[in-house]
Amino acid sequence: MSDRFKSISFSASVRAAQVRHGTRDLNQRALDNGPAHDAFGAAEREFIAARDSFYMATVNQEGWPYIQHRGG
């Protein structure tokens, strides 16, 4: 997991939610032990290139999802 991804995905509010839901330790282990990839590898690039569309999803601090369709 890249350091850039970690800084976005595990913000203070996300870490607080993990504590509330009892998943903080599990997520911290994943951060500590996961690979530090900052770029897609060949397999990921080939998979994405073969698609003509995708969905991009996020959720805000209140838990509301925002999902966007992109492409064909």
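Q: Where does arginine 24 lie?
A: Arginine 24 lies in helix α3, residues 24-33. Helices (H or I, at least four residues) and strands (E, at least two) are DSSP runs, numbered from the N terminus. This is a predicted model, in which local features need pLDDT of at least 70 and side-chain atom pairs count only at pLDDT 80 or more, while totals for chains, interfaces and linings use all residues. Residues are numbered from 1 along each chain as its sequence is written, and side-chain values use heavy atoms, with hydrogens and water left out.

Q: Why is glutamine 18 called buried?
A: Buried means under 20% relative accessible area, exposed over 50% and partly exposed in between (1.4 Å probe, protein chains only). Glutamine 18 has a relative accessible area of 8%, so it is buried. Its place is in helix α2, residues 12-21.

Q: What makes proline 65 exposed?
A: Its relative accessible area is 55%, and therefore proline 65 is exposed. Proline 65 lies in strand β2, residues 65-71.

Q: How do you know that arginine 24 has no salt bridge?
A: A salt bridge is a side-chain nitrogen of Lys or Arg within 4 Å of a carboxyl oxygen of Asp or Glu. Lys and Arg count as positive and Asp and Glu as negative; His and the chain ends are not counted. For the buried arginine 24, the nearest side chain of opposite charge is aspartate 25, 6.6 Å away. Arginine 24 therefore has no salt bridge by this definition.

Q: Why is the charged end of arginine 51 said to sit over the ring of phenylalanine 47?
A: A charge sits over a ring if NZ of Lys or CZ of Arg is within 6 Å of the ring centre and within 35 degrees of the ring normal. The charged end of arginine 51 sits over the phenylalanine 47 ring, 3.9 Å from its centre.

Q: What is in contact with proline 65, leaving aside its neighbours within four places in sequence?
A: Proline 65 is in contact with Thr58 and Val59, where contact means heavy atoms within 4.5 Å.
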